[in-house]
Amino acid sequence: MSPTQEAGSAADPDGLEDRLRRFATIWSRAVFPVTATSLTRPEIEQLLLPLARELSLSLQARPFDPQVAQRIGAALVDAHCTDPEALSRTLGVIDAYLVLYCGGDPEQSAEENRARCARLQHAVAAGFAQGLRERTLAEQEAIARSSLLARTDAVQALHATETRFRAVFEGAAIGIGIADLEGNVLEVNETLTRMFGGLEHHVRGRKVTDWAHPEDRPHVWQLYRELTRGEREHFRVEKPFFRNDGTVLWTNLTVSLLRDADGNPEYQLALMEDTTERRLLNLRLRYEATHDALTGLPNRTLFFERLEKAVSGPEGTRFGLCYLDLDGFKAINDSLGHATGDRLLVEVADRLQSCATAPGEMVARLGGDEFVALTTGEDTKREVDELAARILIALASPIAVDGREFTVRGSIGIVEGPAGERTTAEVLRSADITMYRAKSAGGNRFELADPEADARAITRHGLTTALPAALERGEFFIEYQPLVHLGDGSVHGAEALVRWCHPQHGVLGPDQFIPLAEHTGLIVPLGRWVLQEAVRQARYWQERHSDGGPLRINVNLSPAQLHHPGLVTDTVDVLERSGLEPGALCLEVTESALIGADEDVLKPLRQLAEMGVDIALDDFGTGYSNLANLRRLPVSVLKLDRSFTQGMQRHPADPVDLKIVEGIVSLAHSLSLAVTVEGVETGAQAEQLRELGCDTAQGWYYARPGPPDKLHALSLADAV
């Protein structure tokens, strides 16, 4: 590799410059054959390279502004690439190769990149047409004005002037017409005649005011009146005309005032450029940029525009939003393929479209299997509920795809309210949260947005995102609750309970963040940290309090930790580093985590039990375990759920609860399992449990969870 190449590689690590050059090469090869210039193809390529770089930057820009690409269309005209075929080939190259060679933002979807590419084509075409029109109009208008003014001067060479005028008038590529100040059309050239259908008598002799069109902008005819009064020299507007066959001709119209030798207004000169095809192209590109390619529904871009107008509408207006997510669609996509899933989505889109036909209603596809329906008006509270009900009814009928019938269900989150109170982002966030609330409630239903539920969801999201950093910053700490031997009241051990000291929310219990940690996978490193700290504390107690410190430390294991391949290795490593005997550690596993567990899950627990680590079956009695299955589980302790002891708080105690506990204790002892009871809050409970044969207990009657240094200063008191 040459030094130049090495320098280029170092400056361009991702190869973007090379890909830009390849794109410029393809572009130059496409347009060079139809370019009227003396430049060679390599020179054209060098000319197009900076334009390619601008396209690449526009494609990746945030925020995205397609109007920058108009300069590229104008630059093609400046480079004499004025043949319409040059524009067609340029748009073809951009469509086929821009995303491929110049890339897009990796955080953007392929669908978003294609939408951006389409809007860039639109802007390039608009810039090309604008540049070509300005160039043509400037040349033709100057020539036409000179010829027409010369025609009024009979003193000069009348014949030569007439010849030049006719050459320009008849040969011009744009339509030219002359009218008097009363609006009577006096002369038109062949181009303008063709633009209006090809028959001259349909144009000549008519009055200018006959060509009023319903889509004329309000100021057009005001400008015309100012010009005929001599108050304005010219004006330029976009104006539609009706052809004789009823079709519409769109033009860029320039009207100039012609004065006589004394400076008095005499004629009006009109120059018309036919923009009908370009307008249709713009409409097509706009449609493609704002509609979903698969379903034909409005896409995210158009929906956001409509939603922004709805939420920021005038005072007194309201809006209603239905956010729909199909239930179980991923399973269909994964099992039957994306082709089947796409056909299913098309049918769903058609059904949704049939549900939103009233004025002010629209349906859009956000992506994947997510759809939205928007309604606006004065009574959207009723209308949005009815719209959601219609959607669920429409989805209830089976959908036939490739000879198979699928039952599609959906979960809908509804947000309704007055305009001007919330931003678009807040409305969408609330709708998304509400939709997931409907999905978690079983799906195939709709739920109304609830500010309190939204706040809880936002808080959960904030806690979820803060979890990783919290572990790194040491915001977690452990409290210990003693396990008391019911026979003599001595401290048998302690359960380690993790807490989170959150900077904003204060101390959070495990029920507030453990489910989030399990969902994100952070439970594994967090559980490892809890195990390390608890074992280290247990070893400290053994060394400093040999005359009565806790004999065993209990640590909870989550289902995610049970499936982690490093469970046994991590536990052994922690025990060896601390010097704690395996028999001083008890790992608590919930009953629900072991229901139906196969041998792969039980194997690491068996290995730990064989080492001497106790395994406790936590929350026993809350699941559907068969007591006979206890024989195959490597457990040595049953921890009865507090629901069994709540009936013992009353006097007299519930006899059914007493019989259940007595039966469980008897069976557990017959299987050589110790029994621990949770939630002991009174002395009467403790005495009854002791009489029933329970081995150990924990609860507020003995002590609430607290710091490790207070574990040895227990005072017995009834819970408040």
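Helix H15 buries Thr 424, Val 427, Leu 428, Ser 430, Ala 431, Ile 433, Thr 434, Met 435 and Ala 438. Buried means under 20% relative accessible area, with exposed over 50% and partly exposed in between (1.4 Å probe, protein chains only). Helices (H or I, at least four residues) and strands (E, at least two) are DSSP runs, numbered from the N terminus. This is a predicted model, in which local features need pLDDT of at least 70, side-chain atom pairs count only at pLDDT 80 or more, and totals for chains, interfaces and linings use all residues. Residues are numbered from 1 along each chain as its sequence is written, and side-chain values use heavy atoms, leaving out hydrogens and water.

The cover over the buried residues of H15 includes helix H11 (300–311), strand S6 (318–327) and helix H16 (451–473). Just after H15, Gly 442 has a positive phi of about 120°.

Now turn to a helix pair. H23 (residues 655–670) and H24 (residues 683–692) pack at about 45°, with axes 9 Å apart. Axes are lines fitted to C-alpha atoms, for helices over the stretch in contact, and angles run from 0 to 180 degrees between N-to-C directions. The two helices H23 and H24 are therefore oblique (under 35 degrees is roughly parallel, over 145 roughly antiparallel, 65 to 115 roughly perpendicular, the rest oblique). Leu 658, Val 661, Glu 662 and Val 665 of H23 contact Gln 688, Leu 689 and Leu 692 of H24, contact meaning heavy atoms within 4.5 Å.

In another pair, H12 (residues 329–336) and H13 (residues 338–355) pack at about 140°, with axes 6 Å apart.
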